[in-house]
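Open the structure in your viewer and keep the selection panel at hand. Each stop below says what to select and what is there.

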Amino acid sequence: MANSAAFDAAHAALEKSSGMDRWAARGAIQLALMDAGLEASTVSKDQMSVVVEKLLPRQLQSQKIADVGSICAKIRDALMLLREDKTVETADKVFQRMA
Amino acid sequence: MQVLSLLFLVVYTVASAIVGVRLLLRSRKTQGVPELLAGLAYVTAPATGYPLCVTAPMLPRLFAVPVYMLGETLLMFGCCCYLVFTAKVFRPAAPWALRVAVLGSAILTVSGIQNIWAFCSTADSAEILARARVGLAPIVAVLGLYYIWTAFEGFRYYGMMKKRMALGLADAVVTNRFLLWGFAGIVSLAWNSVSAVCLALGIDLRSALPVFTTSLGGFANTVLLVLIFMPPAAYTRWVMRSTRAGALAPA
């Protein structure tokens with residue numbers, strides 16, 4: 001299953017700015033997404049920004065990563081630059097429209 | 001019991017028709033495939049297909065055959081729409097889900113044809129039942145699995161939406177719709193299980209007990225349908241109030 005553009009952007013930014021290896025960075029973001037009730041395949045830029053602000057710092061701290069604040073700021077910057085051309089239609093959007 | 005079955009059936013039929021037509025009208029506005037699929041599913045399966053299948057055997061043979069053919073076709077088409085709806089809405093990025101939906105639809109189509117053949121080939125109800133069992137067993141099995149899938153996705157998404165709500169990423173009323181959707185799956189699974197048992201025991205699915213159970217399940221689903229797709233303002237207020245109360249409650 002392909003990941004969303006927001007997930008890939010956050011993953012790349014975390015890997016680059018924290019010095020974590022690819023799989024550790026991916027795992028940290030995925031755990032934060034799970035805590036938020038979101039999925040890597042459908043998470044949007046706005047949702048990912050909230051996760052990076054509210055949940056990722058705790059996840060990185062638990063992995064003893066230094067300078068969490070600046071890492072998360074870099075990820076948020078990367079997300080701000082992201083252009084989401086196509087977002088997957090998720091179940092919550094559908095159920096919001098249907099009533 | 002027959003009067004009650006008829007009453008439940010009428011209520012479910014009318015509610016499904018209203019919900020289905022509303023969804024179809026909405027799909028014209030939004031161009032949304034999920035609304036179209038759900039609308040078609042409600043209009044063709046519970047609103048027209050199932051009542052036609054149940055009433056066909058009560059009609060003179062001249063009318064019974066075309067009515068049953070139409071009913072079974074609509075019923076199976078509606079069930080296929082439900083399957084594709086679940087795959088597209090709950091697993092939009094998973095190719096396996098669409099493959100499962102297509103496989104289920106293929107089984108339903110073949111079994112529906114078998115049922116039509118069983119009904120058309122003889123007027124003897126015992127013989128129809130014996131022949132229809134071949135087609136009904138896979139239908140009941142596919143629908144049973146589908147309802148488990150529906151309930152699973154509803155409750156799974158409800159759990160996810162609750163976590164999103166804590167972050168301000170989800171709305172309480174939409175979150176509640178997933179819980180109701182999960183319950184709708186459970187209710188449908190319950191009546192489908194009764195049909196499965198009846199089938200195993202050789203009881204005609206158009207006889208009193210399975211029709212009553214299906215109608216009762218349909219009535220329960222009506223309540224859920226209304227709360228999901230046409231929630232009264234009082235219910236919406238109650239959901240929002242209880243969510244706020246939960247959020248303010250001490251941990």
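The model is predicted, so local features need pLDDT of at least 70 and side-chain atom pairs count only at pLDDT 80 or more, while totals for chains, interfaces and linings use all residues. Residues are numbered from 1 along each chain as its sequence is written, with chains lettered from A and ligands numbered from 1 in the order in which they are written.

**Stop 1: α5 of chain A**

Select residues 68–81 of chain A, which form helix α5. Helices (H or I, at least four residues) are DSSP runs, numbered from the N terminus. α5(A) has 14 residues and reaches 20 Å from its first C-alpha to its last, close to the 20 Å expected at 1.5 Å a residue; the expected span is 1.5 Å times one less than the number of residues.

Now colour I71(A), C72(A), I75(A), A78(A) and L79(A), which are buried. They sit on the same side of α5(A), because they cover an arc of only 115 degrees around the axis (the arc is that of the directions from the helix axis to the C-beta atoms). On the other side of α5(A), G69(A), S70(A), D77(A), M80(A) and L81(A) are exposed. Buried means that 20 or more other C-beta atoms lie within 10 Å of the residue's own, exposed that 12 or fewer do, and partly exposed is in between, with C-beta atoms placed from the backbone.

Contact here means C-beta atoms, placed from the backbone, within 7 Å.

**Stop 2**

Show the loop between α4 and α5 of chain A, where K64(A) is found. Phi of K64(A) is near 60 degrees, a positive value in a residue other than glycine. K64(A) counts as exposed because it has 6 C-beta neighbours inside 10 Å. D67(A) is in the loop between α4 and α5 of chain A; its phi is positive, about 55 degrees, although D67(A) is not a glycine. With 12 C-beta neighbours inside 10 Å, D67(A) counts as exposed.

**Stop 3: α1 against α3 in chain A**

Keep α1(A) and α3(A), which pack at an angle of about 35 degrees with their axes 8 Å apart. Axes are lines fitted to C-alpha atoms, for helices over the stretch in contact, and angles run from 0 to 180 degrees between N-to-C directions. The contact is made by A6(A), F7(A) and A10(A) of α1(A) and by K45(A), M48(A) and V52(A) of α3(A).

**Stop 4: where the chains touch**

Display both chains; their contact takes 22 residues from chain A and 29 residues from chain B. On the side of chain A that touches chain B, α2 (22–36), α3 and α6 (91–98) each supply at least two residues. α6(A) gives the most, with seven residues.

**Stop 5: α1 and α2 of chain B**

Select residues 2–30 of chain B: helix α1, with 29 residues, reaches 41 Å from its first C-alpha to its last, close to the 42 Å expected. Its buried residues include F8(B), L9(B) and Y12(B). Their cover includes α6 of chain A together with α2 and α7 (208–229) of chain B. Just after α1(B), Q31(B) takes a positive phi of about 60 degrees.

Finish on T44(B), in helix α2 (residues 33–55) of chain B. T44(B) counts as buried, with 24 C-beta neighbours inside 10 Å. Not counting residues up to four places away in sequence, T44(B) touches G49(B), L74(B), F77(B) and G78(B).

Methods:
Contact = placed C-beta atoms within 7 Å.
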